[in-house]
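Have a look at the structure first, then read on.

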Amino acid sequence: MTRVLVTGGAGYIGSIAVSMLLDSGYEVTVLDDLSTGHKSAIDSRATFVEGSILDSASIAQSLQGCEAVIHFAGKSLVGESVEKPQLYMQVNVEGSTNLLNEMKSAGVKKIVFSSSAATYGEPTESTVSEESAANPSNPYGASKLKVDELLAERSASDGVAAISLRYFNVAGALKTSSGWLRERHDPETHLIPNIFKATQEFPLKVFGTDWPTPDKTCVRDYIHVVDLINAHISALKSVQPAHHQIINLGSGDGYSVRQVIEAAARASGREIPSIDVERRAGDPAVLVASIEKAKKVLRWSPMRDLNAMVEDVFNSAN
Ligand code: UFG
């Protein structure tokens with residue numbers, strides 16, 4: 001049986017990956033320092049090593065018996081990255097370098113990496129393909145791009161088999177036999193969880209109503225976390241020695257902030273209290289993926305629409 005190391009397996013996306021990998025017949029080791037993740041989110045069937053990707057000894061320990069790595073661990077807040085660029089370079093870039101060094105020592109050659117649409121920055125085309133220029137507009141995106149470049153180097157120099165998956169807006173939750181696995185950030189910055197936290201006293205802030213879009217609010221490409229992880233499991237089977245590929249993961253459809261609010265109101269059967277406020281710094285107007293490459297290379301298609309995402313987030317929070 002194949003054992004996979006999942007770094008960041010106590011986080012929102014990582015914990016769902018762990019549970020789905022185990023259900024698919026993989027054995028799993030989790031490496032997580034619990035700085036933003038939750039121990040309770042780690043599936044009890046997984047082996048857990050509490051440690052950081054900044055600590056080589058912890059990485060070496062967690063790689064024992066593994067044949068492949070899915071690398072989620074890292075800092076992931078755009079706003080925080082603007083305030084603390086060094087932290088993002090250290091954890092995301094140095095941490096990933098440590099991981100690749102330890103993989104080399106342990107003879108583990110397969111890696112699927114959690115990259116981001118933030119690597120593209122402000123897109124110049126209506127849909128973003130992997131051929132689009134990478135021009136990150138914040139340190140978070142820059143750190144993810146550096147790791148993509150590192151993987152390309154290591155595939156050429158060391159024969160590493162690698163895929164970087166560039167996520168667009170991940171949403172949704174997974175119901176398991178021991179409860180829901182869902183987004184639990186503090187503070188929460190993401191739109192869909194914030195919609196369901198909104199009250200009359202603390203309404204949802206709609207960031208900008210003067211964007212060049214049909215209803216003047218930002219358009220994003222939302223992908224259900226379960227579809228996203230299915231693509232990772234396909235990627236694990238698709239990596240090829242000495243080959244690095246970059247693949248976008250989204251749904252290929254764009255929805256405005258207002259459309260997401262309407263879908264959430266339908267799912268919850270209540271109005272979502274909201275107020276219009278200024279634009280948020282660093283937001284592009286429109287960010288929608290071309291997912292043709294994912295469909296072709298991974299033989300994968302997203303199956304869950306925006307309604308499924310908001311329903312799962314609503315049900316997981318209630
Ligand atoms: N938004 C609001 N109110 C909120 C939160 C968000 O109006 O309370 C808006 C944002 O302005 C944006 C949209 O909802 O237009 C989505 O915002 P999110 O914060 O949910 O997600 P982002 O698009 O900012 O970020 C996502 C990922 C990042 C990644 C980025 C790529 O979460 O990790 O896409 O650009 F870097």
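## The chain as a whole

First things first: this is a predicted model. The protein chain is built from 10 helices and 16 strands. Its radius of gyration comes out at 19 Å, close to the 20 Å that the globule rule gives for 318 residues, so the chain is as compact as a globular protein of that length.

If you'd rather think in terms of a box, the C-alpha atoms fill one of roughly 55 × 45 × 40 Å along the principal axes. As for what's tucked away, buried residues account for 54% of the 318 residues in the protein chain.

## Who sits around the ligand

There are 21 residues around the ligand, and the ones that come nearest are His190, Leu191, Lys205, Arg280 and Asp283.

Which domains supply the shell? Domain 1 (3-171 + 223-249) and domain 2 (174-221 + 252-316) each put in at least three residues.

## Polar contacts and cover

Now for the polar side of things. His190 has a polar side-chain atom 2.7 Å from an oxygen atom of the ligand. Arg280 also uses its side chain, with an N or O atom 2.7 Å from a ligand oxygen. With Thr189 it's the backbone that does the work: a polar backbone atom there is 3.3 Å from an oxygen atom of the ligand.

How much of the ligand does the protein cover? On its own the ligand has 690 Å² of accessible area, and the protein covers 90% of that. Looking at secondary structure, the elements that give two or more residues to the shell are α6 (191-197) and β10 (204-207). Of the elements, β10 gives the most, with 4 residues.

## A closer look at His244

Let's finish with one residue. His244 belongs to strand β13, which runs over residues 243-249. Is His244 buried or exposed? Its relative accessibility is 17%, and the cut-off for buried is under 20%, so His244 counts as buried.

Ala161 is 83 residues away from His244 along the chain, yet the C-alpha atoms of the two are separated by 6.3 Å.

Definitions and conventions:
Residues numbered from 1 in each chain as written. Predicted model: local features only at pLDDT ≥ 70, side-chain atom pairs only at ≥ 80, totals over all residues. Heavy atoms only, no water. Near = heavy atom within 4 Å. Polar contact = N/O pair within 3.5 Å; in protein donor to acceptor, adjacent residues only side chain to side chain. Areas by Shrake-Rupley, 256 points an atom, 1.4 Å probe, with all protein chains shown as cover. Domains from an automatic or database assignment. Rg over C-alpha atoms; globule rule 2.2 N^0.38 Å. Buried < 20%, exposed > 50% of the residue type's maximum accessible area, 1.4 Å probe, protein only.
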